[in-house]
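Colleague: Could we go through this model together? I would like to begin with its charged side chains.

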Amino acid sequence: FAWTGHYCKFLLALTPVAIAFELANLFLWSHGSVLGLGIILAAWGKFTLNTWSREQEYFCTLWDLKDSHKDKTQRADFTGTMLPSHVDHNIREMYYSTWKYTGRMSVSWLVTVIAIAVNITIVLVWMDLWQGRMPIGAVVAQAAIVQVFTWIFNWMAEALTNAENHKYQEQFYNSYLYKMFIFQFGNQYSAYFYIAVKQQFTKLGCQHDDCIGMIREQLPLVLVSLAAMRVVQVVFATLNVEFALWWETQALIRAGCEKPNYCFVERQSKFGKFRIREQIEVMTQLTITLGYVLIFGAVVPGIIPLCFVVFVVQLRADAITVTSATNRSVPRISQGIGVWMSVVQFLAQVG
């Protein structure tokens, strides 16, 4: 929440600049502001990340999390052999063979890379069949392909990470995170890289010989869709809880019982989960949205206000979700946002 709120404030500060460049593109010169806004976005991305690092350091000090990296809680799913501890031979600790662990990691990441390559290949081949000029039906089909691959990989990422047999929660979380982010990076951005790099060399070429114009037309619709989808998800999750409670109430009434008056804990029994998978999915979507600004913002200034809207909607949606539609998450010690810092840095460097 703190990270989302931080970027909400800085996206709000960037919005007037983006609007000014968008108006300049429309009325003064065509795409002449790309270099200028690109420099501004590079500086903005670095400054925002640095200020977050300071704020994160403040929270870690305030909440006494400086030594959180020393928390080495063993995962309940970890399997191994009980041996004398490397630290104290008077106690026994569970260990797993290093070469077996490395082998599991290698196979897991090989399967991950193959899945990501297949996904990107199918998306690019589909676009190449239409030479980038897809009718509405083809666009809907591509969206369905992307969504189906997302559902499949969400299950695959969790299963593969579990199969790696990580001993500590931090290792498990980071491996899971990297798989999800790398997949979504290719899944979300590959179509726009195709337009920027390959589209001009197809037989049909870009519309009006303007590949940037094609990106400018499509990206705002994507961000509007992301905000709308998040609202729909929250509404669906809330209604699902209410429907489950109503259905149970009707069943009790039909059985001749009195209408129950549910307390908060009883209502929570019908809530959905908000565990590691759900948390990573939410954070991945936010970083991918931020990536649209850092990578494509100089070309499409209009997506910056839309990104701000997505972050604001996500901030409020997450608050509603964790308080009204999902169980309380398991509390864990964390020193800031951890590896997500390197993810944001990577997006800034690509941009």
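Colleague: Which side chain meets that of E281 in a salt bridge?

Modeller: The partner of E281 is R277, at 3.1 Å from N to O. A salt bridge here is a side-chain nitrogen of Lys or Arg within 4 Å of a carboxyl oxygen of Asp or Glu. Please note that this is a predicted model, in which local features need pLDDT of at least 70 and side-chain atom pairs count only at pLDDT 80 or more, while totals for chains, interfaces and linings use all residues. Residues are numbered from 1 along each chain as its sequence is written, and side-chain values use heavy atoms, with hydrogens and water left out.

Colleague: Why can such side chains pair at all?

Modeller: Side chains of opposite charge can pair when their charged atoms come close.

Colleague: Where do E281 and R277 lie?

Modeller: Both belong to helix 8, four residues apart, which is about one turn of the helix. Helices are DSSP runs of H or I with at least four residues, numbered from the N terminus.

Colleague: Which residues form a network of salt bridges?

Modeller: The network links E158, R277 and E281.

Colleague: How many salt bridges does a search of the whole structure find?

Modeller: The search finds seven. One of them joins K270 and E248, at 2.6 Å from N to O. K270 is in the loop between helix 7 (264–268) and helix 8 (276–296), and E248 is in helix 6 (residues 211–254), so this pair ties together parts 22 residues apart in sequence.

Colleague: And R75 with D77: is each one buried or exposed?

Modeller: Their side chains form a salt bridge at 3.4 Å, N to O. R75 is buried, at 9% relative accessible area, whereas D77 is exposed, at 53%. Buried means under 20% relative accessible area, exposed over 50%, and partly exposed in between, with a 1.4 Å probe and protein chains only.

Colleague: Changing topic, at what angle do the axes of helix 5 and helix 10 cross?

Modeller: The axes of helix 5 (residues 169–197) and helix 10 (residues 340–350) cross at roughly 25 degrees and come within 11 Å. The two helices are therefore roughly parallel, a term for angles under 35 degrees.

Colleague: Which residues make that contact?

Modeller: Among them are Y173, L177 and F181 of helix 5 and W340, F346 and V350 of helix 10. Contact means heavy atoms within 4.5 Å.

Technical notes
Axes fitted to C-alpha atoms, helices over the stretch in contact; angles between N-to-C directions. Parallel < 35°, antiparallel > 145°, perpendicular 65-115°, else oblique.
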